[in-house]
Structure formats: C-alpha cells, structure tokens
Amino acid sequence: MDVVSDAISAVHLGHPRSHRLRVSGSWCTRQNPYDGAGFYVVLKGHGWLLADGGAPVSLGVGDAVLLPHGTGHVIADSPVDAAIAAETAVPFEEWLAETGQRDRSDRAETEMLCGTYWLDCSRMHPLMAELPEVVHLPHRVGSHVELRAAIDLLAGELDERQPGSCIALPNLLDLLLVYMIRSWMTESGSGAWPGALGDPVTASALRAMHSNPGAPWSIDRLAAEAGVSRPTLARRFTALVGRPPMTYLTWWRVILAATLLRGTPDTLATIAGRVGYGSPYALSHAFEREFGTTPGRYRAQAADRSASVAVRDSVRAPR
C-alpha cells in the first residue's frame, strides 16, 4: 500500500455514517468532541462553522470541510460566537432527528452532506496527526476532479437509496476521505508530509517500506532503492519525516501489526512474518514497548472497542 492509504487504514474503525440535510430559517447546532473525523459539504445555500478555539469559517455552495480530529464545533446559518453558541446551539443528534422530519422539499434554503468516520486515535500516523483541526476546501478546489466526483456520487446515493447502497455508501465515504486529504496535500503550502511525499528521495524510501514492510530492509537497501548514498537518504528522510529511516520502519511495523491484530484473525506468528519480525517473541517485545500492553491484550481490547462502535452505529443508523 502507499503511505496515505496506510495512514488511513491504520486508524479506521467500523463503518462511516452520513446524512443529507435540508434546512430552512434560522438554525444552530453543536457537535461535541469525539474520537474520529467529520465532514460537511454544502450543496445549496450556505452555513458557518465555528470549531472550538478557532475562527468562524464561511461555507458556500460547493465547499467541503474536514474535521480530522473530531474537534467540537458549531455549525449554523449565520456567524455566531462561542458564548452565544453555548446558549442557543441544539445538540447535533437531537437536531439531526428534528431535521429528518422536515424540509425534505425543494423549498429548503440549505442542503448539506455530513458524515462521521470512527478512528482509533491512540497511535495516529504522523501524516494524519499533522492535519489541521479544520481543513477547509473551498469550491475552487473543483479542479480536483476526483473530490468533486465523489461528492456528486455520494449525494446521488443518499437520495436514491438504490440496490447495493449498503456497500456503495461506506465505500464512497472512504473515497471522499481519501480525496479530501489528497486535496489538502495538494493545496497545503506547508507541512512536513506533503513535503516528504513530494521529495523523490524520501518518497522512494517510504514507498519501499510501505509496499513491502516485511522485507529485510537496511539503510543500504533503502538508499539503493532511492538512488542516493546512505548519508543523503538519512539526512533528507530525517529532516522531512522527523525520524531516521530505520527508526520510522521499526515504528511502522509495530503500528501495522496493531492494524492486523484489530482487523484479521491471523496468528501472532503470521503477523510477525508479515511485518518483518523473525519470531512472535521479537514482535511481542517491540509491541509491548510501543503500546504498553501485549498483542493478545491489545487484540481483546480492540475487539471490545469494535463491538462498541458497531452498537453505536446500529443505534444511530437513520431509519
């Protein structure tokens, strides 16, 4: 896999959920902080988003906004400050239930797509951690054809509820997340990870590690893969990624092992082989050093968390 795909897969839990909202008049709702990421896309009308500790963001037709860290926020029809929002904002789940009972016609002044991704934030890849609290992608990012296409497909799927939508919807939502992150990386004028993936030397080494993490990589082999000397690779990689190549590889192998423990029934020996460890004992030792618990306990705790997410999804699923 590539770095962006791996960074998302390493934290992804359960199925995302989404809604198409149609609202009129004056409205103001608050979403409290949560473990995950959320998004809004304005299809018609306008809105204002006020993230906790941030400045108000005006949202117009075609704008998309991603809250990658589950930051608490208010979204409303007009600008509001934190003090007023604390008194007037309706809790999001309550507002969502009310909205579903009205404004389904073309008379709605504002239409939005919104959704939530449940994430395990305990060991987030630095690419994901680097994302700002609010990623605002104005309509001018219409030049990102994939993002625009995903939005159009998702809007149509939510409207029609055609056969196969139970598969189509979560996959479209996952695509939307990828395209929003991709668009941010293209638009971002700063940030370590857009720079790292834009640097041919560092990107080559990262691509090698992520495409085959179980290979017997060494600094010499990685340098050869990138077509540079060992000192050059070490200097450029460390400057852009924030840690030396082999240190990053060790860390990524353990994070990948955690992903496999959560998402597969594979034995620890099988997982150890897949991520480049010679024995389950060696992996267990490295895993406990990073996570502070054994792989077995981690797998059990992850199963409990996944069950909780599944229950939460079923309770909150739209009727």
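This is a predicted model: local features need pLDDT of at least 70, side-chain atom pairs count only at pLDDT 80 or more; totals for chains, interfaces and linings use all residues.
Residues are numbered from 1 along each chain as its sequence is written, and side-chain values use heavy atoms, with hydrogens and water left out. Helices (H or I, at least four residues) and strands (E, at least two) are DSSP runs numbered from the N terminus.

**Antiparallel sheet**

- Nine bridges link strand 1 to strand 9 in the antiparallel sense, and Leu-13 has Trp-118 in strand 9 as its bridge partner.
- Strand 3 is likewise antiparallel to strand 9, with eight bridges; here the bridge partner of Gly-36 is Trp-118 in strand 9.
- Strand 6 (residues 64–67) and strand 10 run antiparallel and are joined by three bridges, with Leu-66 partnered by Val-135 in strand 10.

**Burial of strand 9**

- Ten of the ten residues of strand 9 are buried, so the strand is largely enclosed by the rest of the structure; buried means under 20% relative accessible area, exposed over 50%, and partly exposed in between (1.4 Å probe, protein chains only).
- Both faces of strand 9 are covered, with Thr-110, Met-112, Cys-114, Thr-116 and Trp-118 buried on one side, and Glu-111, Leu-113, Gly-115, Tyr-117 and Leu-119 buried on the other.

**His-19**

- His-19 belongs to strand 1 and counts as buried because its relative accessibility is 11%.
- The C-alpha atom of His-19 is separated by 5.5 Å from that of Cys-114, although the two residues are 95 residues apart along the chain.
- The side chains of His-19 and Arg-17 are joined by a polar contact of 3.4 Å; such a contact is a pair of N or O atoms within 3.5 Å, where within protein one must be able to donate a hydrogen and the other to accept it, and residues adjacent in sequence count only if both atoms are side-chain atoms.

- Strand 2 (residues 28–31) pairs with strand 8 in the parallel sense over two bridges, and Thr-29 stands opposite Val-90 in strand 8.
- His-73 is located in strand 7 (residues 73–76) and counts as buried because its relative accessibility is 2%.
- The side chain of His-73 forms a polar contact of 2.7 Å with the side chain of Tyr-40, and a polar atom of the His-73 side chain lies 3.0 Å from the backbone oxygen of Thr-71.
- Leaving aside neighbours within four places in sequence, the contacts of His-73 include Thr-29, Arg-30, Asp-52 and Leu-67; contact means heavy atoms within 4.5 Å.

**Nonpolar cores**

- The largest nonpolar core has 73 residues, and Phe-39 and Ile-181 have the most contacts inside it; a nonpolar core is a set of buried Ala, Val, Leu, Ile, Met, Phe, Trp, Tyr and Cys residues joined through side-chain atoms within 4.5 Å.
- Helix 11 (residues 245–263) supplies the largest share of this core, eleven residues.
- Another core, of 17 residues, lies apart from it and has Tyr-40, Leu-67, Phe-92 and Leu-96 among its members.

**Helix packing**

- Helix 8 (residues 200–211) packs against helix 10 (residues 230–241) at an angle of about 85°, with their axes 9 Å apart.
- That makes helix 8 roughly perpendicular to helix 10; angles under 35 degrees count as roughly parallel, over 145 as roughly antiparallel, 65 to 115 as roughly perpendicular and the rest as oblique.

Notes
Two strands pair if DSSP finds at least two bridges between them. Axes are lines fitted to C-alpha atoms, for helices over the stretch in contact, and angles run from 0 to 180 degrees between N-to-C directions.
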